[in-house]
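Hi everyone, thanks for coming. Let's walk through one structure together, and please keep the picture in view while I talk.

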Amino acid sequence: MTVALKDYQDCTPLLGDRAALDAFYAQHGYLYLRGVLDRRLVRDVATQMLDGLVALGAAPPGSTLENLDIASFEAVDEIAMHDHVRYDDFWQHPSTISVFEQVFGEPVFVFKSTTIRYYPSQAGSEDPSFSYLTPLHQDGFYIGPNKDFRTVWVPLLPTSTGTGGVAIADGSHHDGLREHVLNESFKRFGHPVRGIPVDTMGADEPLLFSPMEPGDLVLFHAFTCHKSLPNLSDPRAMRMSMDTRVQPAPPRPGTTR
Ligand SMILES: O=C(O)CCC(=O)C(=O)O
């Protein structure tokens, strides 16, 4: 039985209202902003990902963003894909930085590391594999030492409950770092990863998910619990997204903030 998840709350109307934006983030541990990124730039990254999948033989030549499909995520050389997708041009673009600075209210530093995700539908698959997805976890468990970064998650193609994406546990950042236990169902570079046992979550921390469009973003706290939702779309559609981490920029030498 699939349980319908509640929607993310749209925080776009709060942009420009510093106190309201900060209050929502402090209470919920995330912000969902719609249509704030330059869609042309997002499409450029999507096209680079498409071109990479074609160049590596995962998708047939002539594939378009509208009909793209691949047989398997795991069969694609993820390291080689990073040579095709110029995500830093996107993250460092003045229009993208300006959105981050509105959210943080100060200059930002964008991490040099990005995860790129190109997940085909596994609807009807006889032997579906979801081990490359993420279990429920906090990025602050994996990344440090500082915990003032926020994860920024961006769809490159429209997402839906079918294609999946990232589900966020509302308000789950409040209790700090949680225990993560080894979970053999999920692997990264062949090794099992740690996750938060789902039954430890509170009733007041519901999982949220909303369909997203290119140009939207969802951003969340280092301690916000979240997990992948699988791509089971039917009709088949690719899930293409990327995520990085952003934090306040360190003050320049000789200056204070
Ligand atoms: O995109 C996903 O499937 C999961 C994202 C995630 O776990 C993360 O950004 O840490």
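Let me begin with a term: two strands pair if DSSP finds at least two bridges between them. Helices (H or I, at least four residues) and strands (E, at least two) are DSSP runs, numbered from the N terminus. As background, strands of a sheet pair through backbone hydrogen bonds, either parallel or antiparallel. Here, β8, β5 and β10 make an open sheet of three strands in the order β8-β5-β10, with antiparallel pairing. β8 (207–208) and β10 are the edge strands, each with a single partner strand, so one side of each has no neighbour in the sheet. Between β5 (residues 166–169) and β10 there are three bridges, and V166 sits opposite S228 in β10.

Before we go on, a word on where this comes from. The model is predicted: local features need pLDDT of at least 70, side-chain atom pairs count only at pLDDT 80 or more, and totals for chains, interfaces and linings use all residues. Residues are numbered from 1 along each chain as its sequence is written.

Now the whole chain. Its secondary structure consists of six helices and 11 strands. The radius of gyration is 18 Å, close to the 18 Å that the globule rule gives for 257 residues, so the chain is as compact as a globular protein of that length. That radius is taken over C-alpha atoms, and the rule is 2.2 Å times the number of residues to the power 0.38. The C-alpha trace spans about 55 × 40 × 35 Å along its principal axes.

How much of the chain is buried? Of the 257 residues, 38% are. Buried is when 20 or more other C-beta atoms lie within 10 Å of a residue's own, exposed is 12 or fewer, and partly exposed is in between, with C-beta atoms placed from the backbone. Among contacts with a separation of 6 or more, 81% join residues 24 or more positions apart. A contact means that two C-beta atoms, placed from the backbone, lie within 7 Å.

In α1 (residues 18–28), the buried residues are L21, Y25 and H28. Seen down the axis of α1, they fall within an arc of 90°, so they line one face of the helix. The arc is that of the directions from the helix axis to the C-beta atoms. After α1 comes G29, with a positive phi near 80°.

Now compare α5 (residues 94–104), where T96, F100, V103 and F104 are buried. These residues of α5 also fall within an arc of 90°, so they line one face of the helix. P94, S95 and S98 are exposed on the other side of α5. Among the elements covering the buried residues of α5 are β1, β9 (217–221) and β11. α5 is followed by G105, and the phi of G105 is positive, near 75°.

On to a hairpin. β6 (181–188) and β7 (191–195) lie on either side of the loop that holds F189. β6 and β7 pair in the antiparallel sense over five bridges, and N183 has V193 in β7 as its bridge partner. Two residues lie between the strands of this hairpin. F189 is not a glycine, yet its phi is positive, about 50°. Is F189 buried or exposed? It has 8 C-beta neighbours inside 10 Å, so F189 counts as exposed.

Two peptide bonds deserve a look. One joins G144 and P145 and is cis, with omega about 10°; P145 is in the loop between α6 (139–142) and β4. Another cis bond joins D234 and P235, with omega about 5°, and P235 lies in the loop between β10 and β11.

Last stop, the ligand. Which residues are around the ligand? They are R117, L133, T134, D139, T151, W153, V166, H226, S228, S241 and D243. Being near means having a C-beta atom, placed from the backbone, within 6 Å of the molecule. β4 (150–155), β10 (226–228) and β11 (239–248) each give two or more residues to this shell. V166 and S228, our facing pair from the sheet, are both in the shell. That's my tour, thank you!
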